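I opened the notebook to look up a few things in the chain, and I put down here what I asked and what I found.

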Amino acid sequence: MELQVVNSPFTQEQVELLNRLLPTLTDNQRSWLSGYLTATQGAQVPSASGAAPAAIPTPASAPTAVSKDVTILFGSQTGNSHGLAKKLAKKLQDQSFQVTLSSMSDFKTNNLKKVTNLLMVVSTHGEGEPPDNAISFYEFLHSKRAPQLEGTRFAVLSLGDTSYEFFCQTGKDFDKRLQELGAKPLTERVDCDVDFDEPAAAWMGSVLNALQSASASGASVSGGATAAAESTGESEYSRTNPFQAEILENLNLNGRGSDRETRHVEISLEGSGLQYEPGDSLGVYPENHPRLVEEIIQAMGYNADEQVAVKNGETRTLREALLRNFEITVLTKPLLEQLAKLSGNSDLQELVAAGNEHELKAYTTNRDLLDLVQDYPLSGVKVADFVAALRKMPARLYSISSSSKASPDEVHITVRAVRYEANGRNRYGVASVHLAERVQAGATVPVYIQSNPNFKLPADGETPLIMIGPGTGVAPFRSFLAEREETGAEGKTWLFYGDQHFSTDFLYQIEWQRWLKDGVLTKLDVAFSRDTDQKVYVQHRMLENSRELYEWLEAGAAVYICGDEKKMAHDVHAALLTIIEKEGGKSKEEAAAYMAALQQQKRYQRDVY
C-alpha cells in the first residue's frame with residue numbers, strides 16, 4: 001500500500017519517510033515494530049533528536065477495569081460503510097469482543113452515554129452532508145441534548161471522494177464533535193478516497209491493536225447483553241475480486257429522434273454465486289476511452305508498451321494500465337499537488353498553493369488528465385512516478401432494474417450515456433459510453449453486487465409503495481414491481497415517472513402498461529417536461545395528487561426516491577413537505593417531524609446520486 005496524505009494521518013514529510021522505509025522491512029521487523037508501537041502507546045518515546053524519554057510512570061494501584069463491549073455505528077448511503085462495519089464487527093467478535101452493530105438511525109441516542117468503546121464508519125454524501133441514515137444521529141450529536149462523553153473512547157473511519165470539495169466532511173465533523181464532548185480517540189481518524197480497501201484495513205488493524213492493548217493492561221469486564229452483529233457471509237466475488245460477466249443483451253430504450261441514449265443491459269451471473277435483492281446496485285469496472293489514453297501517452301512522450309506497476313506487484317503496459325486500471329477523467333487536488341511536486345512546474349505549483357481553492361476548483365471542474373498535461377507541461381516526470389500518482393479506477397454503481405426471482409442468474413441495469421462539450425472538447429461518461437459504444441452481446445465486463453440495506457422493499461407485501469423515479473431513476477422500481485409480481489404481494493403501488501418526451505423517452509413503457517393491466521402497478525402518473533409549453537416534472541404531478549398521496553401516507557405507504565440528488569430529490573422532498581403541511585394541517589416544523597418519523601420507520605428511503 002502506497003501511503004498518501006489523503007489516506008493516512010501523516011504529514012507529507014512523514015509519508016515520504018514511511019514509503020521509503022516500509023518496503024525494506026522484513027516480516028519479522030514489521031511484527032516487532034507493530035508490537036513496539038502498541039506497547040508504547042500513550043507513553044513518551046525517543047524524539048527525532050535522540051533525547052532520552054521521560055520515565056514511564058508505574059501505576060500506583062490495580063489496573064482499571066476495561067470493557068470489552070464495543071459499539072459500531074455506521075452511516076451509509078450506498079452500502080460501503082455498512083459493509084466495512086460488518087467486517088469490523090466480525091474481526092472484533094473473533095477476538096472475543098462483545099459487539100453491538102447498528103446504523104446511526106437505529107441507534108437509541110439515550111444509550112450513548114453508556115458506550116465505552118465507540119467505533120464509527122461513515123460516508124460523506126453530496127456536498128459534505130451526512131448520508132440519509134446518519135442525519136438524525138448527526139443532528140443529535142451536534143445539538144445541546146448531546147451528553148458529555150468523558151468516559152468514551154472512539155475511532156472514526158471516514159469514506160469520501162477527493163474529487164469533491166468537502167472530502168470526508170461528515171467523518172471530520174463526527175471526530176471533532178466527539179472530542180468536544182470529552183471522548184478520547186482510540187486511534188487517529190482515517191479519511192478514505194474511493195479506493196478505500198487498504199486504508200480501511202489498516203485503520204481496523206489500528207483499532208484492534210488499541211482495544212487489545214487496553215484489554216491486556218486492565219482486567220476486562222463485560223456489560224449486559226448486546227445486539228448480535230449481522231452476518232458477514234460473502235460471495236467469492238466482490239469489489240476487490242469482480243466477476244467477469246457476459247453481456248446477454250444491450251439495447252437502446254430511446255426512440256428514434258431522441259437526443260438521449262439509454263441502454264438496457266442484461267448481464268449473466270451464471271456460475272458466479274452472486275445474489276442480489278431489489279434495491280441493490282451493480283458495480284461495473286469500465287474501461288477508459290482508447291482515444292483519450294493514446295492522446296495522454298502522446299502528450300507525455302511516453303512509450304505505450306512500457307511496463308508499469310498496477311497493483312500487488314502486477315505489471316501491465318502503460319496503454320493497458322491507463323485503459324483499465326487508473327482514473328484519467330477526474331482531476332483531484334492530491335493528484336495536482338503530487339504532479340506539481342514531481343514536475344517542478346511553477347504555474348501548477350501556484351495553482352495548488354494554499355489560498356487558491358476557488359481557482360483550483362474552477363480548473364478541475366469538467367477537465368481531465370489530458371487537459372492537465374497539455375496546460376501544464378510535466379517534462380521530466382518518470383512514467384512510474386506519473387502512474388503512481390493516479391487513483392485506481394473506481395467502479396461505477398448502477399441501480400439494478402431486475403428481480404432475481406423473475407430473471408434467475410441475470411442482472412439488468414439501465415444506463416444513460418453521458419456526452420457533453422466542455423472547455424473546447426467533447427467529454428463523455430467513462431462507464432456509460434463504454435457500455436453504449438464498446439460493449440456488445442458476448443463481451444464480458446467485471447462486476448460485483450453492492451448491497452444497499454438503505455433501499456429495500458418492506459417485509460410486509462401489503463405495505464403500499466409510492467415510487468418516484470424520473471429518467472434512469474426508474475430502474476429500481478422495475479425491480480420492485482417484478483419482485484412483487486413474483487411473490488404475489490398485494491399492497492398498492494404508485495409510480496411517478498418523468499422524462500423529456502412521451503414518444504421517444506418513455507422508458508419501459510410497455511412493461512408499466514402490462515403491470516397496470518395486471519394490477520401489479522395500481523397507479524401511474526407521468527410528466528414529460530418538453531411536451532408542454534410549461535415544463536412539468538414529477539413533483540408537479542405529486543402536488544396535483546396532493547390529497548390522495550397524503551391518504552396513502554396515512555395508510556402506511558412507504559416512499560422511495562431514486563435519481564438526481566442536486567435538483568430532483570430536493571424538489572421532491574420539498575413537495576412532500578408541502579403536501580404534509582397542506583393536507584395534514586401541520587406547521588413547517590410538524591411536517592419536518594412527520595418526514596423524520598417516516599425516515600426513522602424506514603418508510604422514506606432514497607437512492608440518489
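Is N366 buried, partly exposed or exposed? I looked it up and found N366 partly exposed, with a relative accessible area of 39%; buried means under 20% relative accessible area, exposed over 50%, and partly exposed in between, with a 1.4 Å probe and protein chains only.

Before going on I noted that this is a predicted model, where local features need pLDDT of at least 70 and side-chain atom pairs count only at pLDDT 80 or more, while totals for chains, interfaces and linings use all residues. I also noted that residues are numbered from 1 along each chain as its sequence is written, and that side-chain values use heavy atoms, with hydrogens and water left out.

N366 sits in the loop between α11 (357–364) and α12 (369–375), where helices (H or I, at least four residues) and strands (E, at least two) are DSSP runs, numbered from the N terminus. Its phi is positive, about 60°, although N366 is not a glycine.

I then turned to N423, in the loop between β16 (419–422) and β17 (425–428), and found a positive phi of about 55° there, although N423 is not a glycine either. N423 is partly exposed, at 43% relative accessibility.

Last, I followed the open sheet, in which six strands pair antiparallel in the order β14-β11-β18-β9-β10-β15; strands pair if DSSP finds at least two bridges between them. The edge strands, each pairing on one side only, are β14 (396–399) and β15 (410–416). Seven bridges join β15 to β10, and one partner pair is S268 with E410 in β15. Of the seven residues of β15, six are buried.
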